[in-house]
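Thanks for making time this morning.

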Amino acid sequence: MTTYKAENFPKLQNDLILRVSRGEKGERAPVWIMRQAGRYLPEFHEIRKDHSFFEVCRTPELACQLTLQPIDRYGKLLDASIIFSDILVIPQAMGLEVLMVAGKGPVFTAPLDTPADLVRLTENVDVEKELGYVYQAITLTRHRLEGRVPLFGFIGAPWTLMAYMIEGGGSKTLAKAKSWLWKHPKESHALLQRITDIAIEFLVGQVRAGAQMLQVFESWGGELSPDAFKEFSLPYIRQISNKVKERLAKEGLELVPMTIFSKGSWYGLEDLSESNYEVVSLDWTIDPAFARKMTNDKVALQGNMDPTVLYGGFDAIRETATKMVHAFGKDSRHIANLGHGILPTVDPEALKVYLETVQKVSAEIRK
Ligand code: CP3
């Protein structure tokens, strides 16, 4: 494998999202989109048709090309890029096989059924060896971005990854994964801790490779009650931010801003704003004014238009995006995004209307 050096990166030309994350108000709201490199883009299918999903993830050249697609297409309308990969690369590194099945999503060939199955997981995972391909993709992409926008690295949060490892894929109720929490709390905590240790190492490695921001995806946060969230999700989310920052400081690496997206965790917003993350990302069920109150202006807020509004026609998109920008307001640290990933059948031109509206309206209200 060719190695790319994490040095002499081109100078960053657009640091708006970094400034807003760190506490500035910014001349307008920076904007990017979760899953912005994805199936709604015809150029994505052009590459995907010849390669399996995880083959793309493991091939730095291809992962880099996909990461750049939305940046090339939308140009100055996007203020960040996110490395093309998946949250499920950590369970793979721990020894579980995951396939991406068309029309079904991720499938684990042998999920964890009972705690007795924990012996199947690799002890002392060598993160560099197992996930070095992500580092390579990040380093290459930093060079090819030519400083246009910052590059996000990311991971799945421990509870979400544990749930996938037990359910073996998507699930309506998470009944199997949640049974572990009640029936096997000790083993659940042990598993969450093992994932956390790898997550910390992996995020530090991503920054070393060139990631300029980090996002933690707790996609299944909203499946937990407030009490269960406090016990099984929040402590690990906090350990990750605290220890990543400690490690970055110790290694003399840049203290990059960190974002937490715990989907559905409206009840946890105050706790999340006190968790050593610079940005708290909101899904579309949360009113921006409520979020601002709960988080006491301690963090930047990211989000949060309902992704399905992109099916509503250009006028509805303009109207809803304008309302959203006003709801976050001119005085707030706001990073515009959708409330969850963009859906695969959206018209790329509809996304363009959203990005244009956000940039225009958020600049106007700050004048
Ligand atoms: O552009 C980006 O945002 C970067 C790449 C990215 C992907 N997945 C690519 C992807 C990111 C950040 C993710 C995160 C991810 N993966 C999450 C957290 C975000 C969220 O949506 O809550 C989750 C839960 C996963 C797990 C996962 N990966 C699922 C459930 C699926 C199937 C989705 C579906 O609708 O079929 C994937 C597959 C996946 N990850 C695709 C992409 C572009 C599509 C796969 C394909 O090409 O067939």
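Predicted model: local features only at pLDDT ≥ 70, side-chain atom pairs only at ≥ 80, totals over all residues.

**Cavities, pockets and the ligand**

Let me begin with the second largest cavity, whose lining by class has 4 nonpolar, 2 polar and 1 charged residues, where Ala, Val, Leu, Ile, Met, Phe, Trp, Tyr, Cys and Pro count as nonpolar, Asp, Glu, Lys and Arg as charged, and the others, Gly among them, as polar. Residues are numbered from 1 along each chain as its sequence is written, and side-chain values use heavy atoms, with hydrogens and water left out.

Returning to that second largest cavity, its volume is about 30 Å³, and its lining is made up of Pro10, Leu12, Arg142, Leu145, Gly147, Val149 and Gln212. On a 1 Å grid over the protein atoms alone, a cavity is a set of points where a 1.4 Å probe fits but cannot get out, whereas a pocket is an open set with protein on both sides within 12 Å along at least five of seven lines, and lining residues have an atom within 4 Å of a point. For the volumes, grid points are joined across faces, edges and corners, and the value is the space filled by probe spheres set on the points.

How many cavities of 30 Å³ or more does a search of the whole structure find? The search finds 2, and the largest cavity holds about 40 Å³ of space. Among the residues that line the largest cavity are Asp86, Phe154, Phe202 and Gln206. The elements that give two or more residues to this lining are helix H5 (89–93), strand E4 (151–156) and helix H9 (185–209), with helices (H or I, at least four residues) and strands (E, at least two) taken as DSSP runs numbered from the N terminus. The largest share, 3 residues, comes from E4, and by class the lining of the largest cavity has 8 nonpolar, 3 polar and 1 charged residues.

The largest pocket has a volume of about 1400 Å³, and of the 40 residues that line it, the closest to its centre are Arg35, Arg39, Asp86, Tyr164 and His340. H2, strand E2 (98–101) and E3 are the elements that give two or more residues to that lining, which by class has 22 nonpolar, 11 polar and 7 charged residues. About 210 Å³ of space lies in the second largest pocket, and its lining includes Gln13, Arg28, Lys76 and Val149.

Where does the ligand sit? The ligand sits in the largest pocket, by the criterion that more than half of its atoms lie within 2 Å of the grid points. The shell around the ligand takes two or more residues from each of helix H2 (42–48) and strand E3 (105–108). In total 22 residues surround the ligand, the closest being Arg35, Arg48, Asp86, Ser219 and His340, where a residue is counted if one of its heavy atoms lies within 4 Å.

Turning to individual atoms, a backbone N or O atom of Ala37 lies 3.0 Å from an oxygen atom of the ligand, a polar side-chain atom of Arg48 lies 2.8 Å from a ligand oxygen, and a polar side-chain atom of Ser219 lies 2.5 Å from a ligand oxygen.

Two backbone details remain. Arg35, which belongs to the loop between helix H1 (16–21) and H2, has a positive phi of about 65° although it is not a glycine. Gly303 and Asn304 are joined by a cis peptide bond with omega of about -5°, and Asn304 lies in strand E8 (residues 300–305).

Definitions and conventions:
Polar contact = N/O pair within 3.5 Å; in protein donor to acceptor, adjacent residues only side chain to side chain.
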